[in-house]
Amino acid sequence: VDAVLDNLDVYVSGLFTTLRLCLWSGAIALVAGTVMASFRVSPVPVLRGVGTAWVTTLRNTPLTVILFFIAFGLPEIGLRGSYSGFAIAGLSLYTSAFVCEALRSGVNAVSAGQVEAARSIGLTFSQALRHVILPQAFRSSIPPLVSVVIAMIKNSAVAGFFGVAGDLSANGQSLTSAQGYAALPVLTGVVIFFWFLTVPAGLLLAVVERRVAVIR
Amino acid sequence: VTAPPPGLRYDPPGPRGRRRVAAGTAVAVVLVLVVAGLALARLARQGQFAWSRWAPLLDPRDPSFRPLWHFLIGGLGSTLLAAGATIACSLVLGTLLATLRTVSARWYRWAVVGLIELLRGVPVVIAIFFASRVLPEIDPALDLPLIWYVVIGLVVYNSVVIAEIVGAGLAAVPRGQAEAALAVGLSRGQSLRLVLLPQAFWIMLPALIS
């Protein structure tokens, strides 16, 4: 236990690094996922193809392999950046595919009458999407979206093993390997700090699910 | 409410719309080709496409060809082994957890639920790292081949995920089934095993596969 208490500052800074990583990746993934979801339901066949290819490729590639390609492939073609930048890019690419699928299921849950009503008052497809379909789709896909975000927080642990300095998993690794603390307390500490991020998200999910269930 | 067929969300584009789509597509294709060409040119300048780099993967006469493919196929085998062991163990454990959750008395149900919720919040990498570091520390006899740490970490995580899925499946079986099973004189365990779980697995098959 002393190993955790002595290094509390290491854990807290790790928590904030992980949080920063997740906020950036989450924001980018939400935007990219929304764009891809609207591509996937759009009237333009090429855009639908792009959306489908995006989701199929990213969802079927292990996150580790995506991070590998970005962290060690991009520098080969001369794109250099920090490892946390690479980690954010990899995480948000990977997560955007899941965001897209969650949103698309939400879009399909919007009842046909809503879409027909939007069309019959003369809205174009993009207007209908922006003012009618997506707002309702977002609401009904909040539960799956929160699950996607929780999964992303946990996936961010992989980034620590890809040279991102100072996130929770990297700090745990360095405390056990380099500084020789016993593994059990140190890693239990890492797990508990991850719970600080995931458990509130889970509770939020429970609240939201109850709300949405009432609305329907 | 069924999902509207995609055609309901828009009219098929008319002649002008089709022209716009065609023009936009052409521009986008040209843009993508230019970007891809630039990236490929850059890779080529750095010699990334030199045959000597790809020969170990593609040329059977290359001295590295055999060891490389041996290595890759060995990796595929290990992945299949780890996946198979994980699937088997976590299906059993997950089903056990799910049934524990439904049949447990109130006073310890919170313990089962708490365990599921907490384990669900552990990143898989950390679970694997945990297993590989902590188990040998506890007892040198647990100094297993590395692949078993992978299996242990994955089982810990996936069994709670499967417990959630099976739990949702059990909840989705109509109530009448459980009542009918009890009414014909099956015990609770028998009704779970013979009536509820088979139906729950069937309902949850898509989620289990994904």
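This is a predicted model: local features need pLDDT of at least 70, side-chain atom pairs count only at pLDDT 80 or more; totals for chains, interfaces and linings use all residues.
Local features here need pLDDT of at least 70, side-chain atom pairs count only at pLDDT 80 or more, and totals for chains, interfaces and linings use all residues. Residues are numbered from 1 along each chain as its sequence is written, chains are lettered from A and ligands numbered from 1 in the order in which they are written, and side-chain values use heavy atoms, with hydrogens and water left out.

The surface patch comes up to start with. (Patches take residues with over 30% relative accessible area and no salt bridge, joining like charges within 9 Å and nonpolar side chains, meaning Val, Leu, Ile, Met, Phe, Trp or Tyr, within 5 Å; the areas come from the Shrake-Rupley method with a 1.4 Å probe, and for residues only the protein chains shown count as cover.) Two or more residues each come from α2 (51-58) and α3 (65-103) of chain B, with α2(B) giving the largest share, 4 residues. (Helices are DSSP runs of H or I, at least four residues, and strands are runs of E, at least two, numbered from the N terminus.)

B:Leu58 sits in helix α2 of chain B and is partly exposed at 48% relative accessible area. (Buried means under 20%, exposed over 50%, and partly exposed in between, with a 1.4 Å probe and protein chains only.) B:Asp59, in the loop between α2 and α3 of chain B, counts as buried at 11%. Leaving aside neighbours within four places in sequence, B:Asp59 touches B:Trp51 and B:Phe65 (contact means heavy atoms within 4.5 Å).

Now for the charged pairs. Over all chains there are 7 salt bridges, each a side-chain nitrogen of Lys or Arg within 4 Å of a carboxyl oxygen of Asp or Glu. In one of them, B:Arg101 pairs with B:Glu164, with the closest N and O atoms 2.8 Å apart. B:Arg101 is in helix α3 and B:Glu164 in helix α6 (residues 146-172), so this pair ties together parts 63 residues apart in sequence.

B:Glu117 and B:Arg120 also meet in a salt bridge, at 3.4 Å from N to O. They are 3 residues apart in helix α4 (residues 106-120) of chain B, so about one helical turn separates them. B:Arg101, B:Glu117, B:Arg120 and B:Glu164 are linked in a salt-bridge network.
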